[in-house]
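Dear colleague,

I am handing over the structure below, together with some notes on what was found in it. Please read them with the model open beside you.

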Amino acid sequence: MSPTGDAAWIEHAIAEAKKAAAMGEVPVGCVIVMDEKILARAHNLRESEKDPTAHAEMIAIRSAARSIDDQRLNGATAYVTLEPCAMCAGALVHARVDRVVYGCTDPKGGAVHTLFSIGRDERLNHRFEVEAGVRAEECAALLRSFFEALRAQGKK
C-alpha cells in the first residue's frame, strides 16, 4: 500500500482516538483493513470497561476476527495511532496480520520498534511488516493535549 494510502487509512484510526479522548480515555485508535475495506475500528476503553486489556488494538482484533469468522487475519493491516505495546504486538502476531502501520512511537511501551521488535523477531512463528511515523505529529499531538489537560486538572 502506498504512503498516501496509509495516511488515508490512519485518518480513520485518528477519528477513533478522538472518540476515546472525548470519553476521557487515552486517545489511541485502531482500524484493521483487508482488501481495501475496514474490518474493524476501535479505540481505547480501559477506563470505561475497567479492563487493562481494552486497548484499541485488542478490541479491533477481536472485532475483525468476528467479522470474517476466522481467528487469522492474513492479508490485514492494522493502523494504529500509537506504537503497539507488548500485549497488543503479541496479539497482532497471533492474529497473523501482514502489516502494522502506526503514527507516533511510544518511548515507554512501544513494542514493535522502540523497546522491542515484536512482529519482526525471526524466532516468532509469524512476522509482520512495520511502517512507523505515518501522521506521527498529529497522533502525538492528540496524546500530548490529552495528558496536558489531565495534568491541568491535577489527575495525572
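Strand S1 (residues 29–34) pairs with S3 in the antiparallel sense over four bridges, where two strands count as paired if DSSP finds at least two bridges between them. Helices (H or I, at least four residues) and strands (E, at least two) are DSSP runs, numbered from the N terminus. Before going further, please note that this is a predicted model, in which local features need pLDDT of at least 70 and side-chain atom pairs count only at pLDDT 80 or more, while totals for chains, interfaces and linings use all residues. Residues are numbered from 1 along each chain as its sequence is written, and side-chain values use heavy atoms, with hydrogens and water left out.

To begin with the strands, Thr 77 in S3 is the bridge partner of Val 33. S1 is also joined to strand S2 (residues 37–43), by six bridges and in an antiparallel arrangement, and Gly 29 has His 43 in S2 as its bridge partner. The hairpin of S1 and S2 has two residues between the strands, and in this hairpin Asp 35 takes a positive phi near 50°.

Strand S3 (residues 77–82) is mostly covered, with six of its six residues buried; buried means under 20% relative accessible area, exposed over 50%, and partly exposed in between (1.4 Å probe, protein chains only). With strand S4 (residues 99–104), S3 pairs in the parallel sense over five bridges, and Leu 82 has Cys 104 in S4 as its bridge partner. From S3 the chain crosses through helix H4 (residues 86–94) to S4, and this β-α-β crossover is right-handed, a term used if, with the strands pointing away from the viewer, the path from the first strand over the helix to the second runs clockwise.

Within H4, the residues Cys 88, Ala 89, Ala 91, Leu 92 and Val 93 are buried, and what covers the buried residues of this helix includes helix H3 (56–68), S3 and S4. Just after H4, Arg 96 takes a positive phi of about 65°.

Cys 104 is in no disulfide, and the nearest cysteine sulfur, that of Cys 139, is 5.5 Å away. Cys 139 is likewise in no disulfide, the nearest cysteine sulfur being that of Cys 104. Cys 104 is buried, with a relative accessible area of 7%, and Cys 139 also counts as buried, at 1% relative accessibility.

As for the chain as a whole, there are five helices and five strands, and from the N terminus on the elements run α-β-β-α-α-β-α-β-β-α. With 156 residues, a compact globule would have a radius of gyration near 15 Å, and the chain agrees with this at 15 Å; the radius is taken over C-alpha atoms, and the globule rule is 2.2 Å times the number of residues to the power 0.38. Buried residues make up 47% of the 156 residues in the chain. Among contacts (heavy atoms within 4.5 Å) between residues at least 6 apart in sequence, 57% join residues at least 24 apart.

With kind regards

Note on methods:
A disulfide is a pair of cysteine sulfur atoms within 2.5 Å.
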